[in-house]
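Reader: I would like to understand the labels used for this model. Could you take me through them, setting each value against its cut-off?

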Amino acid sequence: EVAVANRTTIDITMAPDLQSLNEVVVVGYGTQKKSSVVAAISSVSSKEINALPVPSVEQALQGRAAGVIVTNNGAPGETPIVRIRGVNSINFASNPLYVVDGIPQVGNFNLFDNRDIESVEVLKDANSAAIYGSRAAAGVILITTKKGSRDGKVHVNLDSYVGTQSAWRQLDIMNRDEYVRYGSALLGNAGAALPPRFATLNTPIYEGTTQTFAQTETDWQKEMFRAAPIVQHNLSVSGGNEKSRFYTSGGYFRQDGIMLGTSFERYNLRLNSDHQIMKGVTLGQTLFVGYGTQISEQNPGGRSQIQNMIRMTPYIPVFNPTNLGGYGGATGADASDPQNPVRAALQDISRTGSIRVLGTIFLEVDIFKGLKYRFNVGGDFATSRNYGRQPIYSEGFNSRPFTTISDSRNNYFSPVYTNQLTFDRTFGKHYINAIGVIEYQRANSVSLNASGQSLSIDARELDGLNNRGYTARREESAIFSYIGRVNYEYANKYLFSASVRRDGASQFAPGRKFGNFPSIGVGWRISEEGFMKNVAFLSEAKIRASYGSMGFIPGNYLWQSVINPNTETIIGGNRVPGAFYERLGNRDLQWEITNMFNVGIDAGFLRNRITFSAEYFDRNTDNLILDVSPAISTGYSVPTTANIGRMRNWGYEFQATYNETRNAFRWSVSANLGVVRNRVNALESPTAFLDRGGNADFGGFDITRTVAGLPVQSFFGWMPVGIFQSQAEIFGTDGRPAAPVQNLPLNSDGTVNRSTTGENGYNNPANAGKFTRPGDIRFADLNNDGRITADDRTFLGSFLPDFTYGINFSANYKNFDLTMFFQGVHGNEVFNGVKVIQQGMLRLFNASPDVLRAWTPQNTNTDVPRAVNGDPNNNSRTSTRFIEDGSYLRLKNLSIGYTIPAATLQRITGGRLGNFRVYVASQNLLTFTRYTGYDPEIGSRFNSSLTQGIDYGQFPQARTLMVGLQAGF
């Protein structure tokens with residue numbers, strides 16, 4: 001509205017009304033007015049999805065929807081971890097079901113171009129998600145791609161950016177002189193000989209060079225981290241009229257990793273169209289083709305590259321032409337066995353090439369007014385090849401005597417057939433929308449893996465290799481479904497929704513294949529009541545509630561007995577091949593069933609200038625599928641899979657938006673906050689537990705424990721209570737231990753063996769590296785038995801945050817625009833395995849300068865225990881010493897743009913260019929955190945739901961700076 005006053009000419013600039021554009025949301029098997037939705041659905045617009053320079057829609061969802069936790073795994077091309085309203089399973093990943101243009105169970109979107117996406121809806125409660133039945137327990141994400149317009153014009157749009165990435169943080173690592181000083185203390189305190197190189201640093205690195213070890217100072221972080229380019233180009237052509245419309249695009253994306261030896265590259269094409277071939281009959285299709293290549297991070301020695309760059313000896317050069325392969329490395333004269341990370345990044349190869357084709361064809365017929373029939377057939381085809389090459393090398397401690405070549409091929413095809421009837425009519429004050437669906441989907445995957453070895457450093461292919469081996473696998477599954485849903489409204493005030501899905505799945509035994517998944521939801525639009533019409537400031541008010549059931553299918557063949565063909569026996573004196581049953585089958589295996597209750601409120605104020613929504617949910621999962629170890633007497637060696645657990649997730653979600661316009665200045669701010677709580681209610685037995693995360697390089701003890709009564713995968717270990725300052729604190733005047741310790745030699749009468757001789761003599765100089773001594777950490781004796789044992793462990797925190805949040809601010813002034821997006825988590829703990837690498841002092845590797853503050857009789861005011869090779873007191877064990885606050889707030893995106901005025905473009909280009917915008921942007925520009933590792937955003941390196949939040953040295957997030965342009969013709 002504009003006041004005319006005395007003006008005869010009024011200039012008006014039209015702006016998109018995002019509130020109106022979002023009035024219709026996509027739901028399962030249809031659409032629905034937003035005002036009529038009684039379910040918990042979060043909508044994310046195309047603009048929000050494309051705000052970040054990331055290759056996948058999963059990454060773009062981070063911080064955009066309350067209750068949706070996205071944790072990036074860092075490296076280019078890696079799939080992030082997505083959790084909707086918490087962890088839904090224990091033994092299996094709690095990944096949501098993805099549905100793209102009606103095709104369910106589509107995952108890994110690295111080959112998709114986000115600029116082809118029209119909208120994303122996240123179905124979070126049972127009323128919205130139960131229509132997908134047996135696969136919806138972890139939530140559903142609906143992705144709708146662009147279809148083109150009907151304005152009779154052809155639109156050509158170019159969207160491009162180029163940028164550079166860098167590591168936003170690096171850690172302090174000791175230099176050459178500090179390493180020698182530390183190594184001397186570490187080995188000297190253990191009574192061990194010093195590395196011979198420490199006394200010969202002035203010798204040449206190799207014959208024929210004048211450079212000595214004393215002159216070499218290698219910064220392995222500098223050698224591994226780099227400024228890495230990122231580039232995106234997308235060109236789309238779309239258009240149409242009342243009869244036909246189309247959308248086609250082509251895209252290119254490349255992202256080099258900020259660490260050597262990592263990258264991701266993608267090419268993609270899309271063609272969507274629909275055509276009214278006669279009155280009441282529409283034919284349409286979608287087609288996507290993508291090709292990508294990912295070069296993955298190497299893991300030499302089973303360690304991450306971060307672990308290797310921290311541990312690598314600083315006076316060793318990167319290259320050494322006298323070594324086989326040409327790379328420098330430590331020998332027994334230097335340290336333990338650190339790996340040269342540059343060698344692994346540049347010499348070893350793990351390259352995966354992937355092709356994906358996803359398409360649908362549909363026919364829609366108007367049978368009579370209000371009744372439509374739609375037949376949809378779609379298919380998801382994917383093929384990939386992973387090529388690995390690890391050539392011969394020798395760099396001292398570490399070497400490889402032969403070249404290993406591996407070649408893995410995987411093919412996947414999943415067709416889906418959907419028959420759907422939709423009834424949609426209004427009768428006076430009554431509105432009814434009903435659907436009936438019969439759907440069939442099957443999946444077939446085939447894999448072939450081959451490997452071999454060669455004594456040639458130049459070997460490239462499998463042909464001619466020695467020790468060749470092959471494995472092959474085929475998996476098939478099918479699901480047949482009957483689906484029904486009814487939505488009813490009365491007078492646009494009273495809302496009702498009910499659905500039921502009956503699924504039959506091949507993954508279960510006969511008699512257990514079918515399950516029913518119902519849901520119901522109700523809503524009341526209070527703002528439409530007569531007594532609310534005079535409340536001027538209230539634009540919208542709706543309360544809603546829902547309840548329903550959803551399922552989870554864990555995998556194929558779990559109910560069946562497993563035959564192991566790798567055995568032999570003796571028959572008639574001859575050795576003959578044989579087979580045996582190694583797992584007992586379970587014909588009673590069923591779905592994991594999730595029942596969810598949800599209640600919410602939606603409100604709008606001041607003509608929806610302010611909008612607000614709040615949710616409470618309670619989700620209970622029964623029949624958790626876990627492994628049960630068989631009794632030894634049964635003869636079976638592999639655990640049986642059974643339904644033996646229960647788990648609960650509950651929490652709150654809030655979302656608010658404020659929009660304001662002041663003449664030429666328009667701005668808006670939106671925020672969301674999600675609170676999720678988790679508790680395991682039951683496992684195999686009241687005393688059962690699941691321990692995970694143990695690794696010899698990180699203290700050697702398990703790091704997490706899952707047990708009934710606490711959150712899944714809680715950190716579990718010991719409690720330090722200080723550092724022993726003297727022998728008197730370890731054993732008293734009576735010769736007996738004065739404090740609970742783990743490692744003391746005791747005589748038969750309970751006194752400490754203080755002999756200066758003998759294998760167990762405490763004061764024997766040969767045992768300097770044994771037993772608990774002053775400078776070691778004192779751990780709490782929680783069970784008061786006078787000893788430090790595994791029974792003194794306790795729960796140390798959870799990787800699950802207290803809450804997650806996102807804040808988005810956007811503003812426009814004339815032709816300038818500004819966007820700021822903050823994303824964060826609060827209250828989660830992280831096990832800082834990088835700190836174990838830096839301060840663990842298990843063996844002689846490079847480390848953090850913190851170890852120079854280690855306890856000595858002259859330096860007792862410190863929190864770093866004594867440096868002693870072998871760590872006889874297990875100071876590096878899992879404890880609160882390595883548990884840190886993982887909270888962070890990130891300026892995820894900052895963008896400043898300028899759009900050339902339309903009149904200027906018209907004059908300059910003669911009308912050929914419709915719009916032109918240039919911008920500069922950054923991602924992860926600022927990170928506020930108390931976490932001391934490389935990055936507080938910790939995924940799961942070993943792809944397990946029970947190791948998330950453990951920082952084994954994961955690939956960190958990059959800081960990105962870029963410039964871009966958007967042009968329309």
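Reader: What makes the contact between the side chains of Asp-863 and Arg-853 a salt bridge?

Author: Gladly! A salt bridge is a side-chain nitrogen of Lys or Arg within 4 Å of a carboxyl oxygen of Asp or Glu. The side chains of Asp-863 and Arg-853 meet at 3.1 Å, N to O, and the pair counts as a salt bridge. One caution: this is a predicted model, where local features need pLDDT of at least 70 and side-chain atom pairs count only at pLDDT 80 or more, while totals for chains, interfaces and linings use all residues. Residues are numbered from 1 along each chain as its sequence is written, and side-chain values use heavy atoms, with hydrogens and water left out.

Reader: Why does Asp-863 count as exposed?

Author: Buried means under 20% relative accessible area, exposed means over 50%, and partly exposed is in between (1.4 Å probe, protein chains only). Asp-863 has 55% relative accessibility, so it counts as exposed.

Reader: Why is the pair of Phe-698 and Tyr-952 called edge-to-face?

Author: A pair of aromatic rings is described by the distance of the centres and the angle of the planes. Rings of Phe, Tyr and Trp (its six-membered ring) pair if their centres lie within 6.5 Å; planes under 30 degrees apart count as stacked, over 60 as edge-to-face and the rest as tilted. By this rule the count comes to 30 aromatic pairs. For Phe-698 and Tyr-952 the centres are 5.2 Å apart and the planes stand at 80°, so this pair is edge-to-face.

Reader: What makes Phe-701 and Trp-718 edge-to-face, and how do they stand on accessibility?

Author: Their ring centres are 5.0 Å apart and their planes are at 75°, so this pair is edge-to-face as well. Phe-701 lies in the loop between strand 31 and strand 32, while Trp-718 lies in the loop between strand 33 and strand 34 (720-723). At 23% relative accessibility Phe-701 counts as partly exposed, whereas Trp-718, at 1%, is buried.

Reader: How do you know that Arg-64 lies over the face of Phe-821?

Author: A charge sits over a ring if NZ of Lys or CZ of Arg is within 6 Å of the ring centre and within 35 degrees of the ring normal. Arg-64 is 3.8 Å from the ring centre of Phe-821 and lies over its face. The charged end of Arg-890 also sits over a ring, that of Tyr-888, 5.3 Å from its centre.

Reader: What makes strand 33 and strand 36 a pair?

Author: Two strands pair if DSSP finds at least two bridges between them. Strand 33 and strand 36 have four bridges and pair in the antiparallel sense. Both belong to an open sheet of four strands in the order 31-32-33-36. Strand 31 and strand 36 (794-798) are called edge strands, as each pairs on one side only.

Reader: Why does Gln-713 count as buried, and what is its phi?

Author: Gln-713 has 0% relative accessibility, so it counts as buried. Its phi is positive, about 55°, although it is not a glycine. Most residues other than glycine have a negative phi. Tyr-557 also has a positive phi, near 70°, but at 32% relative accessibility Tyr-557 counts as partly exposed.

Technical notes
Helix = DSSP H or I, 4+ residues; strand = E, 2+ residues; numbered from the N terminus.
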